[in-house]
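Dear colleague,

I am handing over the structure below, and after it you will find an account of what was found in it. Please read the two together.

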Amino acid sequence: MDDLDLIRERADAVGLAAAEDLAPARERLLAAARAGRPRRARRWFWTAGAAAGLAAGITAVVALAPAGETGAGVGVGVAQADPVRVLTEAAAAALGEPGTPPRPDQFLYVKTEFPDHHVREVWLSVDGTRDGLIDDTKVPGCRDGKAPIYGANDPSKEGTLEDCRPSPAYRTDLPTTADAMSAYLDDHHSGEKGDVNALGKDVITLAYEQALPPASAAALFEAAAKVPGLTALDHVTDGAGRPGVGITWPVPPGSSPRAQPELLVFDATTHRFLGTRGSAVTAKAFVDQAGQRP
């Protein structure tokens, strides 16, 4: 069987994409050719030889490139990367991050950008005891089991205290091994127990506006790699349009046909977490005061 036979076999098995589905890809290809855009210096973890890769590419275009159904941020030429390898590399990158912990009195600053150009900025207390900010809104810190109430509907309650537990932005309480992190995610799951798409959201939450020590961040991605049914997508973009490689979680059975799978985007070169299809973490650092930018 030669390359063409293999392509015909794949095409017969999955059916061909409609011309309108392929038109955007064709236009991008022609535009790139006219612009003389250089080929990418590196691609992610090709898993098969040329013939099989070409056939897989045909399958990807036929079966997945109705990319409009997969959602914004996913382009053509998907499903070439190995999801376990992508997450393993992300874990290795996390281990390489500086391990110096912040001071308890500092704040985690995170800037998030969205496709509509909206920007969200947060300053969250490292140890959870100090008042932070989400844009211009105060986030109460929890001191001695009490936190002030801000923005209450009842003006008489403004500034009064309520019971609380500190929510540190720097998570030193998380496991540092993949198995222990998997158990933690199981014990602290959102949604229905066993819902792997909800698990994807939990992973995003920990990777997003929280800071983890390198060992815990690595364990998070290694635990994510153990989830069955993950798919790697090449040529995706995060909420700021930055290109990368994506990991999606399977949509639970019975979900709406229009349900969108969670998508985590990683830099294809540095393997760092960039964001999701609808958001992008463009700055993340520790600062000394709420409102201060790095």
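Phe221, Phe266 and Phe273 form one aromatic cluster, where rings of Phe, Tyr and Trp (its six-membered ring) pair if their centres lie within 6.5 Å, with planes under 30 degrees apart counted as stacked, over 60 as edge-to-face and the rest as tilted. This is a predicted model, in which local features need pLDDT of at least 70 and side-chain atom pairs count only at pLDDT 80 or more, while totals for chains, interfaces and linings use all residues. Residues are numbered from 1 along each chain as its sequence is written, and side-chain values use heavy atoms, with hydrogens and water left out.

The whole structure holds four aromatic pairs. One of them joins Phe221 and Phe266 edge-to-face, at 5.4 Å centre to centre and with 80° between the planes. Because Phe221 lies in helix α8 (residues 214–224) and Phe266 in strand β9 (residues 263–266), this pair ties together parts that are 45 residues apart in sequence; helices (H or I, at least four residues) and strands (E, at least two) are DSSP runs, numbered from the N terminus. Phe266 also pairs edge-to-face with Phe273, at 5.9 Å centre to centre and 65° between the planes. Phe221 and Phe266 are buried, as is Phe273, where buried means under 20% relative accessible area, exposed over 50% and partly exposed in between (1.4 Å probe, protein chains only).

Helix α7 is largely enclosed by the rest of the structure, because nine of its twelve residues are buried. Its buried residues pack against α6 (178–187), α8, β9, β10 (273–276) and β11 (279–287), contact meaning heavy atoms within 4.5 Å.

With best wishes
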